Amino acid sequence: MKPRTDLILNAVTYSPTGPPEPRWQCGVGVASHDSKTLFHKCLQVTGERF
């Protein structure tokens with residue numbers, strides 16, 4: 001029996017202001033049916049690089 005689980009996320013994020021930016025923060029969270037936060041992670045992502 002596995003005591004925990006893996007969370008795999010495949011996502012796309014866009015600049016919150018619309019035009020491209022060099023970096024911004026985004027986040028993901030998981031809550032139970034009674035709105036108790038089970039997991040929350042903030043990430044800093046970067047725009048397109050050349």
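Analyst: For the charge count, Lys and Arg are taken as positive and Asp and Glu as negative, with His and the chain ends left out. In this predicted model, the mean positions of the 6 positive and 4 negative charges are 9 Å apart.

User: What makes the protein more spread out than a compact globule?

Analyst: As to secondary structure, the protein has zero helices and two strands. Its radius of gyration is 15 Å, whereas the globule rule gives 10 Å for 50 residues; the value is well over the rule, and the protein is therefore more spread out than a compact globule. Along the principal axes, the C-alpha atoms fill a box of roughly 45 × 25 × 15 Å.

User: Why is Cys26 called partly exposed?

Analyst: The term buried requires a relative accessible area under 20%, and exposed requires one over 50%. Cys26 has 22%, so this residue is partly exposed. Across the protein, buried residues make up 8% of the 50 residues.

User: Which residues does Cys26 contact, beyond its neighbours within four places in sequence?

Analyst: Contact requires heavy atoms within 4.5 Å. On that criterion, Cys26, which lies in strand β1 (residues 23–31), is in contact with Thr13, Lys41, Cys42, Leu43 and Val45.

User: What share of the accessible surface belongs to carbon and sulfur atoms?

Analyst: The accessible surface comes to about 5100 Å², and 55% of that area belongs to carbon and sulfur atoms.

Key: Residues are numbered from 1 along each chain as its sequence is written. This is a predicted model: local features need pLDDT of at least 70, side-chain atom pairs count only at pLDDT 80 or more; totals for chains, interfaces and linings use all residues. Side-chain values use heavy atoms; hydrogens and water are left out. Helices (H or I, at least four residues) and strands (E, at least two) are DSSP runs, numbered from the N terminus. The radius of gyration is taken over C-alpha atoms; the globule rule is 2.2 Å times the number of residues to the power 0.38. Buried means under 20% relative accessible area, exposed over 50%, partly exposed in between (1.4 Å probe, protein chains only). Accessible areas come from the Shrake-Rupley method with a 1.4 Å probe; for residues, only the protein chains shown count as cover. The place of a charge is taken as NZ of Lys, CZ of Arg, CG of Asp or CD of Glu.
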